[in-house]
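Work through the exercises below with the model open beside you. Try each task before you read its solution.

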Amino acid sequence: MLKPIPYRPKAPRQRLPRSFKDLTPSKHFNPRTFFREMVWKALLTRRTGQQRQPVFPKLSQGQVALTWIGHASFLVQFTDLNVLIDPNFANWLFLLKRIKRSGLKIEHLPRIDLVLLTHAHFDHFHKPTLRRLPHPKIGVMPWGVGDLAHDLGFGRVVELEWWESFSHGDWKVTLTPCKHWGARVLRDNHRGYGGFLLEHQGRRIYHAGDSAYFDGFKQIGKNCEPEIALLPIGAYHPESFRHVHMGPDEAIKVFKDLRAQWLVPMHYGTFRLSFEDMDEPPRWLRQVAQQEGLSQKLRILEEGLPQVF
């Protein structure tokens, strides 16, 4: 595997916001549209889904089980390692209502050895969830995010630059580039963002975090050779959202760039973050996968049900 030099993008120059739209880097909203599409429509939508008592599989060496919790949250299990990625069990994010319940409860989780946090946005770095986790040992996150995590119960907090890796025992994680942004609030653009490659027992699982499509996915495929790709497919409409997110059509393009074996979609159906119908992303993904002859490589998970790979 190639080892590129660690790199962090320069933070943009800050200026005072001139309108509500300036509060988001991709200039998405005016107040009326935001309230109607993100808040009011969600309030009128009945919350669905059920929280199951999961039956975690007994794994053999080299097997990995993935449990989709919802949104971008996953539990990744090996015989000797339990990993959470971007855990979020919230029913509300300020005014934003969770439309579909998490697939399991925090109390159902096994002992957590490692937590990977892709960036500081509230839907990915959810402090109330992190405080309630069963004593995670290590938290790994991008540069400039560690100060948010030091009082959340981690035994150790590790910050990485793009292409930097951290190893512990037999596992290794690498922070990979993406096309997004990392600010948690208006004036903290120093915070990093990215995806993660997790390597253990000969398996390579890639979580893209939040990202628009960019040519860097080809380099990630070349350097990291991921086997299982967890890719976002929601929050792409209107078109301006694609500056920081991707749709199902672009997720298929990313999957081909990565040259991975399995595509597991995420970042849809949980919170209303954009204007497309909540059930459109997986439907469109199945259609594009069929057109590209990739249906056999697509694994759409149901929240709370572990799947062995």
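**Before you start**

This is a predicted model: local features need pLDDT of at least 70, side-chain atom pairs count only at pLDDT 80 or more, and totals for chains, interfaces and linings use all residues. Residues are numbered from 1 along each chain as its sequence is written, and side-chain values use heavy atoms, with hydrogens and water left out.

**Exercise 1. Judge the confidence of the model.**

Step 1. Take the mean. pLDDT is the predictor's confidence in each residue, from 0 to 100. The chain averages 90, and 88% of its residues reach 70 or more.

Step 2. Over residues 16-25, pLDDT stays under 50. The model has 18 contacts (heavy atoms within 4.5 Å) for this stretch beyond four places in sequence.

**Exercise 2. Describe the chain as a whole.**

Step 1. Count the elements. The chain has five helices and 15 strands. Helices (H or I, at least four residues) and strands (E, at least two) are DSSP runs, numbered from the N terminus.

Step 2. Check burial. Of the 309 residues, 58% are buried. Buried means under 20% relative accessible area, exposed over 50%, and partly exposed in between (1.4 Å probe, protein chains only).

Step 3. Look at contact range. Among contacts with a separation of 6 or more, 67% join residues 24 or more positions apart.

**Exercise 3. Trace the seven-stranded sheet.**

Step 1. Write the order. The open sheet runs S8-S7-S6-S3-S2-S1-S15, with mixed pairing. Its edge strands are S8 (156-160) and S15 (307-308), each pairing on one side only. Two strands pair if DSSP finds at least two bridges between them.

Step 2. Take a parallel pair. Strands S3 (residues 82-85) and S6 (residues 114-116) are parallel and share three bridges. Here Ile-85 stands opposite Leu-116.

Step 3. Follow S1. Strand S1 (residues 65-70) is largely enclosed by the rest of the structure, because six of its six residues are buried. Five bridges link S1 to S2 (residues 73-77) in the antiparallel sense. Leu-66 faces Val-76 across this pair. The hairpin of S1 and S2 has two residues between the strands, and His-71 there takes a positive phi near 55 degrees.

Step 4. Go to the other neighbour. S1 and S15 pair antiparallel over two bridges, with Ala-65 opposite Val-308.

**Exercise 4. Which residues of H5 are buried, and what covers them?**

Step 1. Check the geometry. H5 (residues 280-291) has twelve residues, so at 1.5 Å a residue it should span 16 Å; its end C-alpha atoms are 17 Å apart, which agrees. The expected span is 1.5 Å times one less than the number of residues.

Step 2. List the buried residues. They are Pro-281, Pro-282, Leu-285, Val-288 and Ala-289. They lie on the same side of H5 because they cover an arc of only 125 degrees around the axis. The arc is that of the directions from the helix axis to the C-beta atoms.

Step 3. Name the cover. It includes H4 and strand S14 (262-266).

Step 4. Turn the helix over. Exposed Gln-290 and Gln-291 sit on the face turned away from the buried side.

**Exercise 5. Is Ile-252 buried or exposed?**

Step 1. Locate Ile-252. It is in helix H4 (residues 248-258).

Step 2. Read its accessibility. Ile-252 is buried, with a relative accessible area of 4%.

Step 3. List partners. Not counting residues up to four places away in sequence, Ile-252 touches Leu-263, Leu-285, Val-288, Ala-289, Glu-292 and Leu-294.
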